[in-house]
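Subject: Handover of a structure

Dear colleague,

Please find the structure below, followed by a summary of what was found in it. I would be grateful if you could read the two side by side.

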Amino acid sequence: MTPIQDLENWMGKLPEEVRQSSGLQSILLPASHQSAAFKFDYKASTKRFSWIPRIRHNFEADNLCQELNLSQQLRAGIRHFEFQLAKVASDSSLYVCHQLPCIPAMDAIREIVSYLDHHKGELVVLRLEADAQLPSIEL
């Protein structure tokens, strides 16, 4: 099989016999761990985590898992995303988190849906789970 060069549309370019006969269970989907942990939303957590600015550089070095944002990950071929969710109590917003709120969950979903709207042959799997360390962030 010839390697696929267009990672933005790799699923749509799979050979027809693979797409028809194999099913999704036989396709290895590239995934990212803590997919939204490319930045932290400090505004959503400044009261509870007021100590973070003093150690921000070290904290980010230890806890940011991704260098690419969600759109960049999608363009690089990632099709399986892991999101840990927690509610920010100040406004009841649901956030994708990793130690701290990263991005609003609806922003993440909108970004993925927008990508899929423009890449009709692609499919994305989301693994959603509650952030065990931040079941509800009290601000």
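How many disulfides does the count come to? With a disulfide taken as a pair of cysteine sulfur atoms within 2.5 Å, the count is zero. Please note that this is a predicted model, in which local features need pLDDT of at least 70 and side-chain atom pairs count only at pLDDT 80 or more, whereas totals for chains, interfaces and linings use all residues. Residues are numbered from 1 along each chain as its sequence is written, and side-chain values use heavy atoms, with hydrogens and water left out.

Cysteines

The closest cysteine sulfur to that of Cys 65 belongs to Cys 102 and lies 8.2 Å away, which is too far for a bond. Cys 102 is likewise in no disulfide, the nearest cysteine sulfur being that of Cys 97 at 6.2 Å. As to burial (buried means under 20% relative accessible area, exposed over 50%, partly exposed in between, with a 1.4 Å probe and protein chains only), Cys 65 is partly exposed at 32%, while Cys 102 is buried at 1%.

Overall architecture

The protein chain contains four helices and six strands, where helices (H or I, at least four residues) and strands (E, at least two) are DSSP runs numbered from the N terminus. Their order along the sequence is α-β-α-α-β-β-β-α-β-β. The protein chain has 139 residues, of which 38% count as buried. Among its contacts (heavy atoms within 4.5 Å) with a separation of 6 or more, 72% join residues 24 or more positions apart.

Individual residues

Gln 34 is located in the loop that runs between strand S1 (31-32) and helix H2 (52-63). Its phi is near 50 degrees, a positive value in a residue other than glycine. Gln 34 is also buried, at a relative accessible area of 5%.

The count of aromatic pairs comes to one. For this count, rings of Phe, Tyr and Trp (its six-membered ring) pair if their centres lie within 6.5 Å; planes under 30 degrees apart count as stacked, over 60 as edge-to-face and the rest as tilted. The pair is formed by Phe 81 and Phe 83 and is tilted, at 6.3 Å centre to centre and 40 degrees between the planes. Phe 81 is buried, with a relative accessible area of 0%, and Phe 83 is buried at 1%.

Yours sincerely
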